[in-house]
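Q: I'd like to learn how to read a sheet and the helices around it. Can you take me through one, step by step?

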Amino acid sequence: MSPTIGAPLDRVDGRLKVTGAATYTGEFRVKDVAHATLVQSTIARGRIARLDTSAAEQAPGVLGVITHQNAPQIPRLKPATSPGGTAIQTAMPLQGEVIHYAGQHIALLVAEKLEQAALVGWGMATASYPSFGVPAEATASIRAGARAIVRSGAAELGTGQYTVMTQIASDALGLEPEQITVELGDTEQPFSLGASGSSSVRSVGPAVRLAAEAARDKVLHLVLHDQASPLAGYGVEAVGMEQGEFFLKHAPTERESYTAILNRHGLEEVTGTGKVDWVSTPNDHRVHAFGAQFVEVRVDRDLGLVRVHRALGVFDVGRVINAKTARSQAIGGIVFGIGMALLERTSIHPAFGKVISPNLAGYLLPVHADVPPVEAFFADVDDPYVNSLGAKGAGEIGVTGVAAAIANAVYHATGRQIRSLPITPEALL
Amino acid sequence: MSDAAAHPMIRHMYPVLPQALELGASPQIRNMGTIGGNLLRRTRCPYFRESSFPCNKLSPGSGCAALNGQHRMHAPFGSSDACIAVHPSDLAVALVALDAVVETRGPSGKRAIPVNDLHVAPGYTPDRETVLQHGEVIRHVFIPDGPFAARSHYLKVRERGSYEFALVSVAACLELTGANRTVRSARIVLGGVAYKPWRVTAAEDVLLVSPLTPERIARAGAAAIQSAEPRPDNAVKVPLLQRAVIRALTMLGEKA
């Protein structure tokens with residue numbers, strides 16, 4: 001045996017390895033090769049009900065998508081028989097719709113170049129936005145004919161305030177939403193601040209509720225003291241309210257409607273007022289809305305362009321007054337967050353001190369092409385420290401944290417931590 | 001613009017053209033916009049649009065607010081100390097790549113003007129934007145059936161996904177022959193970077209009469225930006241152009 005055997009030889013590939021020049025298996029050039037990226041199951045057990053590969057198949061450079069629906073069938077392995085079972089995988093991937101474990105390969109995206117299938121990043125961020133209790137006043141008038149009018153100087157600027165105030169009044173008055181008219185936005189109406197600081201539901205909401213309850217209780221007082229009423233002489237606690245009618249809880253057929261009592265007393269309407277003041281929370285509590293934002297981005301490595309591919313937010317705004325408008329509000333907030341992260345910038349001319357693009361032609365907001373599928377969910381839990389509604393306001397929590405989540409996703413995709421907004425090709429090239 | 005973009009013959013013979021048209025405006029604007037009008041559209045320079053800023057194009061001699069203001073969208077090619085605005089049309093970039101010619105009619109009769117010669121350099125008179133005389137209108141656009149037109153592509157780079165002008169763009173055409181895919185003719189025209197579509201013959205020459213290889217494409221990308229004169233805020237356009245040229249040529253090479 002030659003002396004080479006047993007000699008303390010340095011690693012022959014040592015220099016290549018420590019200088020980064022070594023070639024690894026994945027780096028060998030292969031002729032006529034296509035590239036693939038694997039799509040994995042995000043659940044541990046289940047069944048693939050439907051796979052939509054159409055968008056991926058239409059992307060430039062994509063050769064095809066292989067799933068269990070079009071993959072060649074492989075003979076199923078027989079489990080080796082050994083005492084205590086076997087650790088060999090017998091269910092091969094892409095052979096059926098059953099999911100056996102998290103991370104199971106469920107699709108193979110084949111593209112001309114690896115880049116076309118890559119530079120995907122995931123990011124998340126937490127969100128916290130203070131809930132302000134500001135002064136607000138409202139009136140509620142119950143009218144004969146089982147109608148009610150609610151008034152407040154609060155402003156509806158597209159967020160859905162007419163709708164939620166209708167719901168709050170409906171709940172307190174025992175009337176259907178279509179029996180209630182809400183009038184907002186006129187300074188002749190009871191004092192309220194503008195729609196800002198996510199404070200309308202938090203502040204105007206309780207004022208409307210107090211006004212509606214006051215009007216209802218005034219009418220109830222008439223009922224309980226009207227000898228012509230079947231409810232006369234009973235206490236407040238014995239009476240319930242539904243569909244515009246008071247009724248005796250122990251004898252629900254004994255009823256008195258708003259219309260009947262108002263008519264008997266010759267009243268056109270009975271009005272209650274509600275007022276809330278600046279709300280100071282106890283020193284040991286801070287009232288905030290909370291959330292968590294998740295996004296997936298695709299980054300064009302060559303051109304430094306970021307596109308958000310999907311987004312999801314989960315929020316705690318206390319009790320949700322309207323599941324539809326709250327969700328729309330949150331989705332709108334996430335769209336604004338996309339603009340904040342990637343498009344919006346206010347530039348001031350250094351010599352003239354004027355905003356350079358004081359219009360929506362030059363100041364870019366996201367358009368449909370920038371907005372991916374967005375999902376929004378709410379914890380919908382009562383917050384006992386906030387107000388009589390348990391509702392904190394949903395105006396601004398939707399946008400909070402989106403830009404941070406996108407920046408984190410860009411970091412995940414590119415390894416670059418961008419610390420200023422918007423995130424532009426300048427930062428990523 | 002919609003009609004031209006949808007025309008089967010145009011889509012078949014000049015792919016770059018419907019691509020530029022469709023990336024150039026929203027469907028509503030395409031339905032109303034005309035080809036000649038798009039060629040003559042005016043700059044999106046914010047200082048030109050917001051008339052309280054000085055602008056030599058709007059008010060000759062008043063100065064240029066872009067020179068010492070933010071000018072990220074402005075021209076790294078062909079600008080002057082009087083004006084650094086860019087021409088915003090995507091269509092014009094594609095038409096220059098196709099050697100298109102406009103036929104005009106005016107008080108002194110008919111004449112033919114290559115689209116490449118339609119716009120004039122700003123110099124000291126940026127208020128004068130084209131060679132057209134008063135009363136002269138574009139009647140027709142002629143596009144030759146060039147050997148490179150069928151293998152053509154328009155690449156538009158912009159941060160907003162749609163409804164936005166190009167940060168930079170590239171119209172590229174290649175005529176490839178033989179088994180080794182030799183480049184017989186080429187057109188590389190840059191958009192969003194000058195007062196007109198900016199043809200870079202230096203980059204075309206790099207490719208000529210050689211097989212199309214990644215190395216050649218990379219050299220063409222470098223040649224495309226050779227004479228760029230970026231300013232502080234628009235420096236990003238230079239590497240973006242280089243990368244966009246490389247991507248457009250690579251995509252053309254991969255086309256069957």
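**Reading a sheet in chain B**

A: Let's begin with one pair: β5(B) and β6(B) pair in the antiparallel sense over nine bridges. Strands here are DSSP runs of E with at least two residues, helices are runs of H or I with at least four residues, and both are numbered from the N terminus. Two strands pair if DSSP finds at least two bridges between them. Keep in mind that this is a predicted model, where local features need pLDDT of at least 70, side-chain atom pairs count only at pLDDT 80 or more, and totals for chains, interfaces and linings use all residues. Residues are numbered from 1 along each chain as its sequence is written, with chains lettered from A and ligands numbered from 1 in the order in which they are written.

Q: Which strands make up the open sheet, and in what order?

A: The order is β4-β5-β6-β7 in chain B, with antiparallel pairing. β4 (152–157) and β7 (198–199) of chain B are at the edges with a single partner strand each, so one side of each has no neighbour in the sheet.

Q: How many bridges join β4(B) to β5?

A: Six, and β5 (residues 168–177) of chain B runs antiparallel to β4(B). Look for B:His153 opposite B:Ala172 in β5(B), and for B:Tyr154 opposite B:Ala171.

Q: Which helix lies across β4 and β5 of chain B?

A: That's α3 (residues 16–24) of chain B, at about 20 degrees to β4(B). Such angles run from 0 to 180 degrees between N-to-C directions, using axes fitted to C-alpha atoms, for helices over the stretch in contact. Contact means C-beta atoms, placed from the backbone, within 7 Å. Helix α7 (residues 90–97) of chain B also packs on the sheet, touching β4, β5, β6 (182–191) and β7, and makes about 25 degrees with β5(B).

Q: How many residues of α7(B) are buried?

A: A residue is buried if 20 or more other C-beta atoms lie within 10 Å of its own, exposed if 12 or fewer, and partly exposed in between. Eight of the eight residues of α7(B) are buried, so the helix is largely enclosed by the rest of the structure. Among them are B:Asp90 and B:Leu91. For β5(B), eight of the ten residues are buried.

Methods. Two residues are in contact if their C-beta atoms, placed from the backbone, lie within 7 Å.
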